Amino acid sequence: MRGTFVERDSDPHVALRDSLLNGGRRLPSPRETVPRVPPGELVAETARRLDADGLFLGALDTTPADDDFIALGKTLGELIPETDPAVQDHVSQEVLLNLVSVHPETDDASLQPFATGALTLHSEGSGRPVAGQPRYIVLMCCDPGKPAVTADGRELVPAQTVLVPMADVHEALTPAERDILRVTRYFTSQSVPTVLREVDGRPVFSFRDFGTAELHWVSDARGATEYEVNDAFRALLAAMYAHEPAGAVHWAHGTVAAIDNTCFFHGRTSGAAHQPGSRRHLKRLRIRTARHTGER
């Protein structure tokens, strides 16, 4: 069975998404404190926290040079080259992407990482085969930028990287919705995974919120109708944007975040606009590993 999902203005996730990403609120941090990490302990501590719960957050006194940052990524796995023609002006050494807020708010998905608007929740590389999807995303803040100020002198909340645990999203779905998503995938020429699968006994999603764009899908859900598959997508999106499990990285110079792409959805709140002459600048590495033991 094939079909197309298109969001409706009345869908619950539309209002939830706007509130979460554009509400101007400071979201809670997923860590009570962001510890200072000596450079000599960064590699070991990053690997330890990723193994423990899929997320490392730490603060460095100085940001490492590109070569040193890339070396950190290589300790976690194989670096994925940045091949998208739309981002080449922001790429260093083929694998390091400089996320700088140089564009206004846009619906162009390829430009959204470099824009001042929100970035919808997603798992990285959801439209690629499993072997081509990153296991880890490592972000480092070189400059958080000076937040924009309102006419009355109030400083706006700067952009935050939103993190939503996949386990919580899975828990919010009904058994019937999970069953549908386990046998439904993007309709594409590539051999992509189903929207929901298991890795080492954990629920893992390969899914992006495409906003108002159409999502073409194919499903092997026996006995389900096209309406039920689309309703499963609506339930998934509503669970992704529920406020309670959402946390956020609050960037400062030297903050490093390493995210397990099989544990968290991620996105960005609006608020990347800054005072004139100031821009937010993060560096990103995407890393794949052979760690898919127990996947099915």
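**From one loop outward**

Author: With a relative accessibility of 59%, glutamate 94 counts as exposed, where exposed stands for over 50% relative accessible area, buried for under 20% and partly exposed for the range in between, using a 1.4 Å probe and protein chains only. This is a predicted model, in which local features need pLDDT of at least 70 and side-chain atom pairs count only at pLDDT 80 or more, while totals for chains, interfaces and linings use all residues. Residues are numbered from 1 along each chain as its sequence is written, and side-chain values use heavy atoms, with hydrogens and water left out.

Glutamate 94 lies in the loop between strand 4 and strand 5, and its phi is near 75°, a positive value in a residue other than glycine. Helices (H or I, at least four residues) and strands (E, at least two) are DSSP runs, numbered from the N terminus. Glutamine 93 is placed in this loop too, between strand 4 (91–92) and strand 5 (96–100); although not a glycine, glutamine 93 has a positive phi of about 50°, and its 47% relative accessibility makes it partly exposed.

The two strands form a hairpin with three residues between them, and they pair in the antiparallel sense over two bridges, pairing here requiring that DSSP finds at least two bridges between the strands. Valine 91 stands opposite leucine 97 of strand 5. Strand 5 is also joined by four bridges to strand 16 (residues 281–288), the two running antiparallel, and there asparagine 98 has lysine 283 as its bridge partner.

Turning to another part of the fold, an open sheet of three strands has the order 1-12-9, with antiparallel pairing. Strand 1 (2–5) and strand 9 (184–186) are at its edges with a single partner strand each, so one side of each has no neighbour in the sheet. Neighbouring strands are turned by 35° against each other on average, direction ignored, the axes being lines fitted to C-alpha atoms (for helices over the stretch in contact), with angles from 0 to 180 degrees between N-to-C directions. Strand 1 and strand 12 run antiparallel and are joined by four bridges, with phenylalanine 5 opposite leucine 215 of strand 12. Helix 6 packs on this sheet, touching strand 1, strand 9 and strand 12, and its direction makes about 40° with that of strand 1.

The largest nonpolar core has 37 residues, of which Leu181, Phe205, Phe207, Phe233, Leu236 and Met240 touch the most other members; such a core is a set of buried Ala, Val, Leu, Ile, Met, Phe, Trp, Tyr and Cys residues joined through side-chain atoms within 4.5 Å. Helix 6 gives the most to this core, with eight residues. Setting aside neighbours within four places in sequence, phenylalanine 207 is in contact (heavy atoms within 4.5 Å) with residues including Leu215, Phe233, Leu236 and Met240.
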